[in-house]
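Please keep the sequence and the model at hand while reading.

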Amino acid sequence: MSLFRPLVQQMAGYTPGEQPQESGWVKLNTNENAYPPSPRVLEAVQQTLEGRLNIYPDPLATEFRKVAAELFQVDPDWILPGNGSDEVLTILMRTFVDQGQLVSAPYPSYTLYETLAEIQGARFQKIQLNPDWSWPASAQQLAADSKILFVPNPNAPSGNRWSDADLLSLIPSQGVLVLDEAYGDFCDQPHQGELLKTDRGNQLVVTRTLSKSYSLAGIRFGFAVAHPDLISGMRKVKDSYNCNTLSLAAATAALKDQDWMQENTAKIRATRSYLIEQLRHLGFEAVDSQTNFVWCTHSDREHERRYQELKRRKILVRYMQFSLEEGTLDGLRITVGTDAEIQHVLDALQEIG
Ligand code: PMP
């Protein structure tokens, strides 16, 4: 006898990237930011620690929403924060999708969408991308009946970014297009919610995270930006105190220090160009990434061996495998770390061959 819901019994569950607990690793496997957060964040947390931790946090996240709203040039009722953007994705699923309804996402992309759909008892559809990561001709028709179409833009693990016209054409007829912009700040020309202000904006939700461009993966903070008609439903679904006092203070201070974030992402963009160029020099195919990671493959297909060899040298990258209609796609996804870390992984790849 199982005490689990049948859905839970059947599902495999999501496996997050490895987080070794001992030091000494060059950790380029989960797209964290190698640089520290703004010093303003540490000051804000310190100040908050000296304040009142015995009372609940502001359930409306008033101060954070004000700062995020300014950034996107919308009113604060367009903003909903979460305990990481993963929680925002969960809230979206619970707000818009009933059992048996259709949830879609491009494939390969972020695999958490499928797990969230499974938990909700939804039907999940993978829209297989072309080998060059563009949308197939059938995408619009396949997406049309979805309650939610999740699209990471730029995409993970490939790092490519789709055009606004592509994205607008994919909005489901009676559903929501969720643009998961976890890596949006790393684009050469970042978006700031422009699509939300088009006449299709009432079916769009943009999600953002502070884990990547703000160097705050350990804090767990993300948020949604969408028309208040959509946010109002999500607010009913979220836990009352889903963001804690310390993370609210950290996130608010981080968003206020845009100069720090811009400098940080500019450094990563420069290292990214170098990494892509050098990977190609070593014989890899590397996607022109708009994120803080690079997807690369080699014609000899020995990706798993290289992953293991790197791991033996205490360098952790992500080895990924995807089952496509025509066979398996695999490759390495390398987070853009510091210049020294990237030189280290490149030297190791040269040595490994
Ligand atoms: N979306 C995508 C595409 C991601 O790669 C990640 C990070 N794993 C997230 C969302 C979640 O980010 P977080 O929960 O740290 O905000």
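Met261 lies in helix H10. The model discussed here is a predicted one, and every value below is computed from that model. Met261 counts as buried because 20 other C-beta atoms lie within 10 Å, and the threshold for that class is 20 or more.

Leaving aside residues up to four places away in sequence, Met261 touches Asp185, Ser213 and Tyr214. Ser215 is 46 residues from Met261 in sequence, and the two are 8.6 Å apart in space when taken C-alpha to C-alpha.

## Helix H10

Helix H10 covers residues 258-281, which gives it 24 residues, and the helix reaches 35 Å from its first C-alpha to its last, close to the 34 Å expected at 1.5 Å a residue. Just after H10, Gly283 takes a positive phi of about 100°.

The buried residues of H10 are Trp260, Met261, Asn264, Thr265, Ile268, Thr271, Arg272, Leu275, Ile276 and Leu279.

The protein chain is divided into domain 1, made up of 18-36 together with 259-352, and domain 2, which spans 39-256. The centres of domain 1 and domain 2, taken over C-alpha atoms, are separated by 25 Å.

Across the boundary, 24 residues of domain 1 are in contact with 21 residues of domain 2. On the side of domain 1 that touches domain 2, at least two residues come from each of H10, S10, strand S12 (318-324) and S13, and H10 gives the most to that side, with five residues. Sorted by class, the side of domain 1 that touches domain 2 holds twelve nonpolar, eight polar and four charged residues.

## The ligand shell

Which residues surround the ligand? The shell consists of Gly84, Ser85, Asp86, Tyr110, Pro152, Ala156, Asp180, Ala182, Thr209, Ser211, Ala217 and Gly222. By class, the shell around the ligand has five nonpolar, five polar and two charged residues.

Note on methods. Residues numbered from 1 in each chain as written. Predicted model: local features only at pLDDT ≥ 70, side-chain atom pairs only at ≥ 80, totals over all residues. Helix = DSSP H or I, 4+ residues; strand = E, 2+ residues; numbered from the N terminus. Expected span 1.5 Å × (residues − 1). Buried ≥ 20, exposed ≤ 12 C-beta atoms within 10 Å, placed from the backbone. Contact = placed C-beta atoms within 7 Å. Domains from an automatic or database assignment. Nonpolar A, V, L, I, M, F, W, Y, C, P; charged D, E, K, R; others polar. Near = placed C-beta within 6 Å.
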